[in-house]
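Reader: I'd like to walk through this model with you, one feature at a time. Could you give me the general idea for each, then the case here?
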Amino acid sequence: QSEAAMLRQVVDEIRAAEARGVAHADCAVLVLDDALRARVTDALAAAGLVVNGGVPSARRHASRAVFVADGKRAKGQQFEVVLVVGAPEGVMPQTVE
């Protein structure tokens, strides 16, 4: 899958969560490096979504923004929807229901 297709899929998944009633602040996109974080952030912003650069949970909920950061910044926080972007296939579970 190309990176452009992957970024479209991230946007589509956030939109699908939104359609199910999940608040943007309850969505996280976890990335492996800063370069990918920047590209994901740009793609979400281009789609009209507000992005939060990994701030603590109280401010995250106040901002109504999608959380985009590495796994370390997400530690200890809870999200209803978590997308892991850029991890090699087979390293992370695909879906947890």
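Author: Let's start with burial: a residue is buried under 20% relative accessible area, exposed over 50%, and partly exposed in between, using a 1.4 Å probe and protein chains only. By that rule, buried residues make up 34% of the 97 residues in the protein. Keep in mind that this is a predicted model, where local features need pLDDT of at least 70 and side-chain atom pairs count only at pLDDT 80 or more, while totals for chains, interfaces and linings use all residues. Residues are numbered from 1 along each chain as its sequence is written, and side-chain values use heavy atoms, with hydrogens and water left out.

Reader: How many helices and strands are there in the protein?

Author: Elements here are DSSP runs numbered from the N terminus: helices are H or I with at least four residues, strands are E with at least two. The protein has 4 helices and 4 strands. Read from the N terminus, they go α-β-α-β-α-β-α-β.

Reader: And how do I read contacts along the chain?

Author: Contact means heavy atoms within 4.5 Å. Take the contacts between residues at least 6 apart in sequence: 63% of them join residues at least 24 apart.

Reader: At what angle do α1 and α2 pack?

Author: First, the tools: axes are lines fitted to C-alpha atoms, for helices over the stretch in contact, and angles run from 0 to 180 degrees between N-to-C directions. Under 35 degrees is roughly parallel, over 145 roughly antiparallel, 65 to 115 roughly perpendicular, and the rest oblique. Helix α1 (residues 3-19) and helix α2 (residues 34-46) pack at about 55°, their axes 10 Å apart. That makes α1 oblique to α2. On α1 the contact involves Glu3, Met6, Leu7, Val10, Val11 and Ile14, and on α2 Leu36, Arg39, Val40, Ala43 and Leu44.

Reader: Now the core. Which residues have the most contacts inside the largest one?

Author: In soluble globular proteins, nonpolar side chains tend to be buried together. A nonpolar core is a set of buried Ala, Val, Leu, Ile, Met, Phe, Trp, Tyr and Cys residues joined through side-chain atoms within 4.5 Å. The largest has 20 residues, and Ile14, Val29, Val40, Leu44 and Val85 have the most contacts inside it. At least two residues come from each of α1, β1 (27-31), α2, β3 (66-70) and β4 (81-85). Helix α1 gives the most, with 6 residues. There's also a second, separate core of 6 residues, including Ala28, Phe67, Ala69 and Ala74.

Reader: Is Val40 buried or exposed?

Author: Val40, in helix α2, counts as buried because its relative accessibility is 0%. Leaving aside neighbours within four places in sequence, Val40 is in contact with Leu7, Val10, Val29, Val31, Val68 and Val85.

Reader: What about Arg8: buried or exposed?

Author: Arg8 sits in helix α1 and counts as exposed because its relative accessibility is 51%. Arg8 and Ala47 are 39 residues apart in sequence, with 9.2 Å from C-alpha to C-alpha.

Reader: And where does Val84 lie?

Author: Val84 lies in strand β4. At 38% relative accessibility, Val84 counts as partly exposed. Val84 and Val31 are 53 residues apart in sequence, yet their C-alpha atoms are 6.1 Å apart in space.
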